[in-house]
Structure formats: structure tokens, C-alpha cells
Amino acid sequence: MGFNFGGMFSRRLATTPVPSSSGRPYTGTFNLTAQLDVVAKGMLINRIEKVMREYLLSSQNNEVSRSMRVDLSRMDFYLDSKKVSVPGNENASFDNFMLAASQPGFEWMQGGIPAISSFFHQGLFVDLHASIPQWSSDNGEPWIINMVSLDNHSTVNEFHLFSSGVMKIISRAKVANVIIIGNKIVLTNRNTSNIEMQLTLRLAGGKGRRCWVTDPRNHADYAVARLECEGLM
């Protein structure tokens, strides 16, 4: 189902403009790939750890974050492949999540759910994009994207947690436009432009309320985009 996040994944870096063969910049079709390698995931894990520290310092009541609670009914959340989200019903979704997390196999989560909830929601995509050094087009030219504006009506986000500790996030969406260096907006055909990604991390219970996050080196993780660009706004 779609989400309400301003329809955007965001980051801030610089890049080199990519001209089209016709001489007009940012027109035509570009197939982009980003490497979700150990460097990108290491940067992402550092950001996640910072988010957890700040949240746990500010949350003295051991509460689940509001961000995850509201996303439980907006996105598709699964525990051991069983869907816990009830579209449009925040309370039922939260109850389902907590019940599933109390089942055998999820003992490692006990006490650490508030820490996990600090990043296990759509805000993680912002940190993921900020951790990607650059995208590469199929002709080898670099794209470093500040922001991706999505079509909320054509977005699917799946958040998976497994009793093994594996966390997997899968996202598929249509793209309305992208923002590049100098805050230039590149218009795209939202009917034919899309972005897809899969991210895998491993979680483990930590001391007290902490949660440890590591990179399981899943080589099946990917981030790709097909942009049919229509020029600058």
C-alpha cells in the first residue's frame, strides 16, 4: 500500500550533470543502479545506531516509537512472513505486531522493541539514500540523487522481521521526479519511471534496551531505477 512521507526519499550530496545525446540535459531513458555494498551498509548502520541512541535517550518510558506505530497500518509489516498490518487500523496492527513478537523464536527482541522501533519504519529510506555514495547509469555516468519524489498511489513497502534476526525491507514505487545537484528538479514520466530496492540487515538483542545491527552480506540486495526523464522543471 502507499505511504504518506511527502512522497520522498531524501539525501544531500553533489554530482555531475548527465546530458542526453540530443544536447538537452536530462531527457530520455536512464537505467540506474546503486551498489548496496559493505561501504553503503556500514554508513547506514552508523546512522541507525545514532538514531537508536538519540531515541533511547529521549524515551525514558520504554515506549515504541510513534513513527513505527503509525506505519504499521500504512505499510505492510510481516513477522516470520505472517502479515501483522491491518490497513487503516493502527491499534489492531500494533496489537498484532506485539503478539507476533512475543512468540517463541523472538526472545531476542524482548526488551529491545523500542530500540528497533526507532528505525523500523519508512524513515529508514532517508538514511538508506544518504548512505548510497552514488548511482550509475547504464552508460557508466554517475548520478548522485538528493531526493526521489514518489507516486504515493503506486508504492509498495514491505518490512520483514524474522525470528532468525534477519530484517528485510522491499520497496517498489513509481517516480514523479528526482532532485539532483543544485536542487535541480528532473521531471519524469510517473507512468513509466520506477524505483525498486531490497535491503537486508541482521538484528540481535543487546544489553538493556539496545539492539545490535550488523550486515549479513546478502549479495541479493539491490537498488535500481528506470527513469524516463522529461527535462528540468
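Biologist: In this predicted model, which ring does arginine 210 lie over, and at what distance from the ring centre?
Modeller: The structure is a predicted model, and every value here is computed from it. Arginine 210 lies over the face of a tryptophan ring, 4.8 Å from the ring centre, and that ring belongs to tryptophan 212.

Biologist: Which residue stands opposite valine 213?
Modeller: Strand β11 runs antiparallel to strand β10, residues 194-205, and four bridges join the two. Opposite valine 213 in β11 stands leucine 203.

Biologist: Which ring does arginine 69 lie over?
Modeller: Arginine 69 is placed over the face of a phenylalanine, with 3.8 Å to the ring centre. The residue that carries this ring is phenylalanine 94.

Biologist: How many aromatic pairs are there in the whole structure, and how are the rings of phenylalanine 120 and phenylalanine 159 arranged?
Modeller: A search of the whole structure gives seven aromatic pairs. For phenylalanine 120 and phenylalanine 159 the ring centres are 5.5 Å apart and the planes stand at 90 degrees; because an angle over 60 degrees counts as edge-to-face, this pair is edge-to-face.

Biologist: How many residues apart in sequence are the parts that this pair of phenylalanine 120 and phenylalanine 159 ties together?
Modeller: Phenylalanine 120 lies in the loop between α4 and α5, whereas phenylalanine 159 lies in strand β7, residues 147-161. Phenylalanine 120 is buried at 0% relative accessibility, and phenylalanine 159 is likewise buried, with a relative accessible area of 0%. The parts that the pair ties together are apart in sequence by 39 residues.

Biologist: Which residues do ring pairs link into a cluster?
Modeller: Phenylalanine 159 also pairs edge-to-face with phenylalanine 125, at 6.1 Å centre to centre and 70 degrees between the planes. Phenylalanine 125 lies in helix α5, so this pair ties together parts that are 34 residues apart in sequence. The cluster linked by ring pairs is made up of Phe77, Phe120, Phe125 and Phe159.

Biologist: What is the area of the nonpolar surface patch made by Val38, Val39 and Met43?
Modeller: Valine 39 lies in helix α1, residues 38-58, and is partly exposed because its relative accessible area is 48%. Together with Val38 and Met43, Val39 makes a nonpolar surface patch of about 240 Å².

Key:
Residues are numbered from 1 along each chain as its sequence is written. This is a predicted model: local features need pLDDT of at least 70, side-chain atom pairs count only at pLDDT 80 or more; totals for chains, interfaces and linings use all residues. Side-chain values use heavy atoms; hydrogens and water are left out. Patches are made of residues with over 30% relative accessible area and no salt bridge: like charges are joined within 9 Å, nonpolar side chains (Val, Leu, Ile, Met, Phe, Trp, Tyr) within 5 Å. Accessible areas come from the Shrake-Rupley method with a 1.4 Å probe; for residues, only the protein chains shown count as cover. A salt bridge is a side-chain nitrogen of Lys or Arg within 4 Å of a carboxyl oxygen of Asp or Glu. Buried means under 20% relative accessible area, exposed over 50%, partly exposed in between (1.4 Å probe, protein chains only). Two strands pair if DSSP finds at least two bridges between them. Rings of Phe, Tyr and Trp (its six-membered ring) pair if their centres lie within 6.5 Å; planes under 30 degrees apart count as stacked, over 60 as edge-to-face and the rest as tilted. A charge sits over a ring if NZ of Lys or CZ of Arg is within 6 Å of the ring centre and within 35 degrees of the ring normal.
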